[in-house]
Amino acid sequence: MIAPLKDITPAERARSTSFNEASARTRLELLLDAGSFVEFIGPEQREVSPHLKIFDLPEQFDDGIVVGRGNLDGSPVFVAAQEGRFMGGAFGEVHGAKLTGLLRAARQIGSIPVLILFDTGGVRLQEANAGELAIAEIMRAVMEARSAGVKVIGLIGGRSGCYGGGGLIAGCCSALAVSEPGRIAVSGPEVIETNRGVEEFDSRDRALVWRTMGGKHRRLLGAADVFADDNVQDFREAARELLRLVGPFSLDRLRAEQERLAQRLRRFGACEDAVDIWTEEGIPDAETVPELPADQFVALANRIGRTSRDAR
Amino acid sequence: MEDLSFRHPVRSRADGARRSAIIGVVASGNLEVLVERVLPDAECAIEIRTVAVGFGDVWSAVIGDFVERYSPGGLKFSINDGGARPDTVSLRLAQAVRLIAENGQ
Amino acid sequence: MTTWENNRSARDARIAAGASLANGKVVETQDVTRLLEAVLRPGDRVCLEGDNQKQADLLSRALLAIDVSKVNDLHMVQSGVVLPEHLDLFDRGVAKRLDYAYSGPQSARIARMLFGGKIELGAVHTYLELFARYFIDLTPNVALIAAVSADRDGNLYTGPNTEDTPTVVEATAFKDGVVIAQVNEIVETVPRVDIPADRVHFIVRADKPFFVEPLFTRDPAAITEGQILTAMLAIKGVYAPYGVQRLNHGIGFSTAAIELLLPTFGERLGLKGRIATHFALNPHPALIPAIESGWVRQIHSFGSEVGMDDYIRARSDVYFTGPDGSLRSNRAFCQTAGLYACDMFIGSTLQIDLQGNSSTVTTSRIAGFGGAPNMGADARGRRHPSEPWLRAGAEADPDGSALMRRGRKLVVQIGETFGDKNVPLFVEKLDAIELAEKLKLDLAPVMIYGDDVTHVVTEEGVANLLLCRTAQEREQAIRGVAGYTDVGRRRDHGMVSRLRERGVIRRPEDLGINPLDADRSLLAARSIKDLVRWSGGLYAPPSKFRNW
């Protein structure tokens with residue numbers, strides 16, 4: 001929590017940098033081996049959205065996503081990082097195409113894994129059709145890459161969470177790491193409240209939002225495989241761990257994932273609140289889970305052991 | 001949206017060898033500055049696209065002070081602005097100059 | 001024959017009328033409106049307790065439901081007009097006249113009702129000023145107050161949010177008035193006696209705890225680089241040279257940034273123990289890292305803050321606590337402490353003019369004054385010396401006799417040159433003047449008068465107005481830190497650079513600060529979660545500030 005000084009090592013800087021607060025570019029810089037990142041279609045190429053001008057909205061030179069390659073412990077990886085502050089990290093035509101292209105390149109090469117740093121509210125309203133198409137293309141590209149033997153790892157801990165089409169893509173990944181402030185869902189809190197009423201879901205009750213969609217709950221449910229503390233170094237270590245753990249992809253694995261989800265629904269389908277699920281899991285004082293420090297939570301989650309390493 | 005463009009003669013070339021750098025994001029009250037080393041040493045240019053219409057004279061004052069203070073010779077700045085305050089603009093421009101002076105690509 | 005106990009007899013008659021609805025002093029929730037109809041008389045002066053934090057919300061609703069043919073034209077004398085019900089009273093004709101101090105969330109509606117003639121306005125006060133008038137010419141006939149718990153005799157525990165209650169009760173109960181309290185629960189024995197039973201005539205159990213607004217919580221995640229730079233300038237350019245130890249902070253993000261820079265930037269400057277040791281201040285969560293790092297010796301508070309109770313309880317060396325261990329706040333005493341025992345006030349505002357006058361009034365909003373004018377004013381009755389006070393006095397009058405020269409309280413306005421939605425902080429003419437003209441007020445609602453202001457701090461620099469010798473110098477000193485606002489761009493560059501040479505204006509580089517170093521990594525806590533960690537899990541922030 002104390003300010004870093006200039007002469008610290010990259011690992012120390014990554015440890016003291018909040019993943020949640022960092023920009024997409026800072027996340028990549030500190031996640032990868034120092035100086036190894038090379039960007040594809042960088043901002044100087046000005047591949048901006050063709051749609052935003054029509055709506056008199058400002059563009060961003062990278063259209064809100066940074067894609068490229070770099071090294072993790074000396075081994076090559078492809079990376080994509082969404083910038084959650086530009087239009088809520090939402091998918092548009094160019095934004096989506098950059099990720100699709102990266103995944104297709106990974107499929108062709110076959111041996112280089114992909115890390116996707118999600119930070120998105122879903123599809124950009126102003127380019128909805130192109131954005132929805134992009135989501136479908138990316139989901140297909142993820143599955144094709146995985147079928148070709150590529151590990152696709154999602155890292156989720158940004159301020160915009162991983163919502164809408166982002167949540168669908170995350171569900172297609174080989175494995176996910178999530179931090180406490182990270183959120184994963186399809187419908188966002190405001191969408192649920194608008195459609196089902198404030199009695200169903202009070203989007204301003206942030207404790208409710210996080211215990212329903214937040215990182216700790218997603219880890220306990222097995223939707224995410226690893227829980228990272230909110231700093232870039234922890235995400236780097238989580239990515240390393242997942243790359244080591246993820247096994248080969250096959251139809252059997254998909255069937256196992258389907259069975260895991262069905263079983264989860266049978267077991268917890270009647271629960272009204274996340275706390276009920278945690279209690280059902282046998283967690284003592286389940287209501288204190290949101291207050292647990294990261295190390296204690298990781299110990300608890302490992303004891304519960306509900307991950308999907310035999311599935312996905 | 002409004003497009004603004006400024007060109008200034010400058011005393012000296014900006015430090016460093018990096019070809020380009022980018023800082024900031026386009027969000028409400030924020031901006032991104034893409035800086036590229038593409039101009040003759042005695043010139044600098046600033047191209048702006050901003051959501052805040054009608055503040056040309058404020059931009060002119062901010063950029064005049066910036067050029068006077070940092071002498072960014074040889075640099076072209078391209079700005080996408082989400083309605084940032086003048087002090088935020090000054091800060092991002094200074095950060096861009098610092099970043100392109102660092103080592104790296 | 002002259003009788004001298006009319007008021008007492010009237011009070012006894014009111015209590016007798018209410019007694020038929022009570023069991024002892026206890027009145028059931030569904031009978032509250034009838035109780036008020038029995039006790040109140042048309043035209044009564046009524047204090048409906050509520051300020052910028054806690055609210056007697058059950059009693060507000062009960063009063064609003066009253067039969068207007070029985071009770072009407074009340075004169076409300078209350079700190080805060082905060083709940084919608086407070087203004088509904090005037091729409092319904094229950095109340096007619098208003099004297100108040102603060103209207104925060106109702107500031108737009110109160111302005112409309114004043115324009116529309118729905119409210120007969122007495123005056124807008126500071127808290128301390130209204131409290132003073134409770135004892136002179138605005139003494140309530142009936143006080144409707146809020147407490148945490150009561151025993152059957154009527155002893156009240158007001159809890160951490162004691163705030164205005166002792167003052168309101170003192171003025172009402174000792175001048176033949178009736179005191180009615182809403183409490184969250186009725187208990188065998190109260191944890192501590194904040195209000196003795198013989199000053200309380202009726203108690204009502206509320207169906208839910210009284211409302212408290214978490215007004216003093218600033219999320220570190222929202223602090224900008226500009227605010228950090230401004231905070232660095234304040235610490236190095238004002239706190240350090242004067243050695244300010246006793247002070248009050250406003251509630252803005254700039255002062256929250258200062259609180260979060262003490263254990264980092266302040267520590268590196270070697271200022272620990274030399275500045276910011278004693279506060280008149282609410283329990284700001286942003287101050288937790290400084291407290292935990294050993295910067296802060298003592299804090300007295302106006303009120304409490306939601307989520308801070310357990311932390312305060314565990315830090316009784318720092319806060320004022322009762323025999324039960326919980327915080328005891330007291331607005332009147334803390335305002336007095338801020339006025340007389342602090343050497344500095346630092347806070348932000350919405351508008352500053354060329355003379356340094358400031359106001360939070362805009363033409364469509366009347367937010368009231370609250371406590372800031374008392375904090376941000378030189379106390380002419382002060383007689384005890386202190387280093388910062390004497391030094392400020394000497395700067396203002398270098399040729400005066402040291403023994404006869406008054407000291408000066410440091411009154412510092414801090415802010416960014418452009419505020420929310422790029423609205424400039426500096427203006428040629430305050431909106432408050434326009435409003436006063438429109439409403440035909442005798443006095444424009446000025447929050448802090450320019451002649452009390454000693455420093456203006458923005459991201460462009462520090463202006464020390466104590467060193468200005470003429471009105472023209474003062475104007476140029478203000479223009480000289482007004483950045484790219486119209487006021488700032490119309491500066492006389494020659495004069496501003498002469499002021500800088502004299503140290504009247506000090507830029508970041510004059511103070512050895514590089515604006516590029518103003519980075520969020522300097523903050524001791526960058527999120528609410530960090531504050532929870534610093535507190536060892538004792539701080540329990542309200543749900544709206546969480547991201548976990």
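Chain C and chain B bury about 1400 Å² between them, and 51% of that area lies on carbon and sulfur atoms. The model is predicted. The size of an interface is often given as the accessible area lost when the parts come together.

**The interface**

The contact involves 13 residues of chain C and 17 residues of chain B. Three salt bridges cross the interface of chain C and chain B. One salt bridge joins the side chains of B:Arg85 and C:Glu416, at 3.0 Å from N to O. Between chain C and chain B, seven residue pairs are in polar contact, with both residues at pLDDT 80 or more. What classes of residue does the side of chain C that touches chain B have? There are six charged, four nonpolar and three polar residues on that side.

**The cores**

| Nonpolar core | Size | Residues in the core, among them |
|---|---|---|
| Largest core | 63 residues | C:Leu261, C:Val296, C:Ile299, C:Tyr319, C:Met344 |
| Second, separate core | 55 residues | C:Val81, C:Ala95, C:Ile119, C:Ala432 |

Now take C:Tyr319. Leaving out residues up to four places away in sequence, C:Tyr319 touches C:Pro283, C:Ile291, C:Ile299, C:Ser301, C:Met308, C:Tyr311, C:Ile312 and C:Leu327.

Methods: Residues are numbered from 1 along each chain as its sequence is written. Chains are lettered from A and ligands numbered from 1 in the order in which they are written. This is a predicted model: local features need pLDDT of at least 70, side-chain atom pairs count only at pLDDT 80 or more; totals for chains, interfaces and linings use all residues. Side-chain values use heavy atoms; hydrogens and water are left out. Contact means heavy atoms within 4.5 Å. Buried area is the accessible area (1.4 Å probe) that two parts lose on being put together, summed over both. A salt bridge is a side-chain nitrogen of Lys or Arg within 4 Å of a carboxyl oxygen of Asp or Glu. A polar contact is a pair of N or O atoms within 3.5 Å; within protein, one must be able to donate a hydrogen and the other to accept it, and residues adjacent in sequence count only if both atoms are side-chain atoms. Ala, Val, Leu, Ile, Met, Phe, Trp, Tyr, Cys and Pro count as nonpolar, Asp, Glu, Lys and Arg as charged, and the others, Gly among them, as polar. A nonpolar core is a set of buried Ala, Val, Leu, Ile, Met, Phe, Trp, Tyr and Cys residues joined through side-chain atoms within 4.5 Å. Buried means under 20% relative accessible area, exposed over 50%, partly exposed in between (1.4 Å probe, protein chains only).
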